[in-house]
Amino acid sequence: MPADSPAHTNRLAEEKSPYLLQHAHNPVDWYPWGEEAFAKARRENKVIFLSVGYSTCHWCHVMEHESFENPATAGLMNEHFVNIKVDREERPDVDALYMHFVQATTGQGGWPMSVWLTPELKPIVGGTYFPPVDAHGRAGFPRVLQQIAEVWRQQPEKALAQADQITQALSQHFAAGSNPPGKANKERILDAGYEQFSEAFDEKYGGFGSAPKFPRPSVLLFLHREYARRGAHTAEGRRAMEMSTKTLDAMARGGMYDHLGGGFHRYSVDRYWHIPHYEKMLYDQGQLALAYLEAFQITQDDRYSHLAGGILGYVERDLEAPDGGFSSAEDADSLPTPEATRKKEGAFYVWTQAEIEEVLGNEAELFNAVYGVKPEGNARPESDPHGELEGTNTLYEKLTFQGAAQTLGVSEQSVLQATSDGGSKLFEVRLKRPRPHLDDKILTAWNGLMIAAFARASVATEQTHYRDNAGKAIAFLRDNLMTKDGRLLRSYREGPSGIPGFADDYAFFIWGLIEHYQASGEIGSLQLAVRLQEKQIELFYDEVGGGFYNHDGTDPSVLLRFKEDHDGAEPSATSVSAHNLLRLAAMLNREDWRDLGEACIESLRQPAEDQPTALPHLMTAIQFSLRPPRQVILAGDLQSENMENFRTELFINFAPHQVVLYADGGEGQAWLAERVGYLKDIQVPKKGVTAHVCENFTCKLPVSDLAKFREQLDNGG
């Protein structure tokens with residue numbers, strides 16, 4: 001069958017990735033990343049066209065529709081190139097390598113990423129989205145294809161020389177990441193990070209910088225710890241918390257939060273947090289849930305626990321797989337109606353005023369006043385340059401309940417009732433709309449973040465069922481994404497992918513396991529964290545420069561190995577591992593791991609000193625390292641009501657320098673006692689709980705009374 005046949009099926013039909021399967025019927029003769037494609041390029045002496053994206057990427061869909069579904073464009077691609085598709089979520093090593101190249105040569109990055117490679121996989125030229133025709137001073141994709149093919153045909157030596165120079169420059173750039181002699185001035189890094197975030201803070205609307213605005217939860221976690229470090233009695237401490245709560249409040253009021261179904265969209269296209277990019281990513285849900293939970297622990301304001309519950313409820317309902325584990329994402333685009341043939345961004349989430357009035361009747365006036373609904377739609381023109389949202393409304397809290405009551409001359413209870421009932425009715429109607437595409441692959445790393453959030457929520461909010469979500473996901477990853485020799489795999493969809501896990505898979509899963517042990521006392525989670533930490537060090541640790549390489553270096557098709565030096569939408573493996581190692585060292589009296597944690601911090605000293613705001617999660621590890629942590633040992637029946645009461649007392653407040661161990665008189669305590677000698681002497685009461693509050697492995701007198709336990713905690717241990 002010819003490649004330009006509408007019924008053409010290419011090699012991607014055999015893949016598991018939802019993104020690759022989306023392209024399985026393109027007329028492009030796509031290959032997955034692998035030796036079959038590389039060998040064809042070498043044999044036929046053809047340039048490789050590498051296209052990298054993910055299944056919920058809006059502009060990936062646009063480029064597919066405009067170019068990859070176009071028979072004429074596909075013909076050009078098939079004639080002149082070997083075409084490879086990569087899911088960046090499955091292969092972050094491939095994505096990261098060539099994204100560094102694209103950012104270095106074009107000044108910007110993003111997806112879809114388009115890179116042309118020599119048959120030896122060295123980059124020649126790259127970019128992101130290309131339009132289908134020449135427009136606005138940008139060359140169209142067919143023209144770019146023809147130009148590159150012409151250069152390769154007429155001046156191949158020039159292209160090869162350029163690729164060699166680029167690859168050498170990338171290699172030198174990564175090698176230059178090592179630090180000059182010296183030690184990190186930790187307080188100076190933290191102070192500089194705090195000052196730079198304070199300067200970038202949007203005093204009026206919250207967040208940092210202008211449009212577009214991304215949530216960056218690691219920044220909020222840093223600010224919470226800065227509040228704890230500096231203290232509520234200082235102006236700087238209060239300022240740190242003000243920046244966090246104003247940002248959390250603004251995001252929650254805006255259209256970035258799904259007011260009907262819970263969960264957060266990816267980012268805001270405007271300064272006001274009003275119009276989002278509507279895709280929902282699992283890694284955002286996990287990290288933002290942690291940020292709202294910490295804000296609740298600090299302020300005791302129930303709004304924050306409610307918002308965390310909204311995030312977790314969305315994940316439970318729409319992303320949790322039946323056997324455990326969590327799906328990766330939901331798309332921004334969907335069909336406006338079952339009869340429609342073209343998807344639109346935000347179609348599942350937006351409403352016309354007439355639709356709301358039809359559903360809510362007399363309640364609509366109050367509901368519309370609170371959520372900023374207008375007959376002409378509420379998207380500003382600059383927030384909707386392509387007119388996708390014309391005439392529609394993205395729900396956001398324009399008025400508080402009190403403000404709406406005063407404006408409309410009704411009681412606050414009436415407003416609360418109208419918005420609650422109205423939201424429930426609209427949610428039920430929304431369920432009948434065509435849903436956005438669900439990327440149902442289960443990624444080890446992102447599941448680790450979600451496990452951490454569910455575990456923390458179970459103790460911070462006393463909703464113990466969240467612990468079950470975390471435990472079920474741990475069991476799924478352990479049973480399906482671990483090999484017999486103790487290595488992790490990257491992903492699962494209709495079976496494990498076979499792709500080896502990356503450094504962030506280990507780092508994020510270990511984080512989740514630590515949180516689960518802290519919240520439950522289940523020794524299996526701590527034991528697994530220790531085994532994975534040992535394996536991560538074996539596979540990824542840089543013995544010379546410290547820190548963790550992004551992949552294990554065993555795949556020859558990935559030309560270079562390097563360490564991520566920034567915390568973006570997801571924190572870097574080194575930043576998270578630094579924190580993990582320091583926490584495990586404090587729990588298990590592992591000085592060697594404390595040294596490794598410090599070495600991770602030192603490995604990023606230069607970028608942290610140059611631009612601390614690029615490494616907010618690393619700064620949380622620095623904050624943890626500055627003083628000895630408090631250890632709390634709870635002895636008793638792990639499942640008892642008394643133990644839950646002591647856990648509540650322990651986790652109701654924010655204590656970032658605290659680690660928890662459990663003595664149960666059984667296997668768990670015996671395992672711990674081999675590593676932490678004094679646990680041998682901890683007596684487990686037949687009834688109740690005994691708490692031991694310790695500093696640097698020196699304990700105060702044990703207490704069995706909650707009030708006395710609270711007093712010891714309030715006195716700093």
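Q: Helices (H or I, at least four residues) and strands (E, at least two) are DSSP runs, numbered from the N terminus. In this predicted model, where does P112 lie?
A: P112 is joined to W111 by a cis peptide bond, with omega at about 5 degrees. As for its place in the chain, P112 lies in the loop between α5 and β4 (113-117).

Q: What is the omega of the peptide bond from A211 to P212?
A: Most peptide bonds are trans. P212 sits in the loop between α8 (186-200) and α9 (217-230). The bond from A211 to P212 is cis, and its omega is near -10 degrees.

Q: Is N45 buried, partly exposed or exposed?
A: N45 is in the loop between α2 (35-44) and β2 (47-53). Its phi is positive, about 55 degrees, although N45 is not a glycine. Buried means under 20% relative accessible area and exposed over 50%. The relative accessibility of N45 is 47%, so N45 counts as partly exposed.

Q: What is the phi of N589?
A: Most residues other than glycine have a negative phi. N589 lies in the loop between α21 and α22 (591-603), and with a relative accessible area of 40% N589 is partly exposed. N589 is a residue other than glycine, yet its phi is positive, near 60 degrees.

Q: Which word describes how α20 lies to α21?
A: Helix α20 (residues 523-540) packs with helix α21 (residues 573-588) at an angle of about 130 degrees, and their axes are 12 Å apart. Angles over 145 degrees count as roughly antiparallel and those from 65 to 115 as roughly perpendicular. The angle between the two helices therefore makes α20 lie to α21 in a way called oblique.

Q: How many nonpolar, polar and charged residues does the contact of α20 with α21 have?
A: The crossing of α20 past α21 is left-handed. On the α20 side the contact is made by L526, V530, Q533, Q536 and I537, and on the α21 side by S577, N580, L581, L584, M587 and L588. Sorted by class, these residues are seven nonpolar, four polar and no charged.

Q: Which residues does I523 touch, leaving aside its neighbours within four places in sequence?
A: I523 lies in helix α20. The C-alpha atom of I523 is separated by 20 Å from that of Q536, 13 residues apart along the chain. Its relative accessible area is 13%, so I523 is buried. Beyond its sequence neighbours within four places, I523 is in contact with Y517, G668, W671 and L672.

Q: With which residue does the side chain of R91 make a polar contact of 2.8 Å?
A: R91 is placed in the loop between β3 (81-87) and α5 (92-106), and its relative accessible area of 14% means it is buried. Not counting residues up to four places away in sequence, R91 touches W33, V86, I499, F502, D555 and V558. The polar contact of 2.8 Å joins the side chain of R91 to that of D555.

Q: What is the relative accessible area of H516?
A: H516 belongs to helix α19 (residues 503-520). Residues up to four places away in sequence aside, H516 touches A455, R467, A470, G471, I474, G521, E522 and S525. Buried means under 20% relative accessible area. H516 is buried because its relative accessible area is 1%.

Note on methods:
Residues are numbered from 1 along each chain as its sequence is written. This is a predicted model: local features need pLDDT of at least 70, side-chain atom pairs count only at pLDDT 80 or more; totals for chains, interfaces and linings use all residues. Side-chain values use heavy atoms; hydrogens and water are left out. Axes are lines fitted to C-alpha atoms, for helices over the stretch in contact, and angles run from 0 to 180 degrees between N-to-C directions. Angles under 35 degrees count as roughly parallel, over 145 as roughly antiparallel, 65 to 115 as roughly perpendicular and the rest as oblique. A crossing is left-handed if the near helix is turned anticlockwise from the far one by less than a right angle, and right-handed if clockwise. Contact means heavy atoms within 4.5 Å. Ala, Val, Leu, Ile, Met, Phe, Trp, Tyr, Cys and Pro count as nonpolar, Asp, Glu, Lys and Arg as charged, and the others, Gly among them, as polar. Buried means under 20% relative accessible area, exposed over 50%, partly exposed in between (1.4 Å probe, protein chains only). A polar contact is a pair of N or O atoms within 3.5 Å; within protein, one must be able to donate a hydrogen and the other to accept it, and residues adjacent in sequence count only if both atoms are side-chain atoms.
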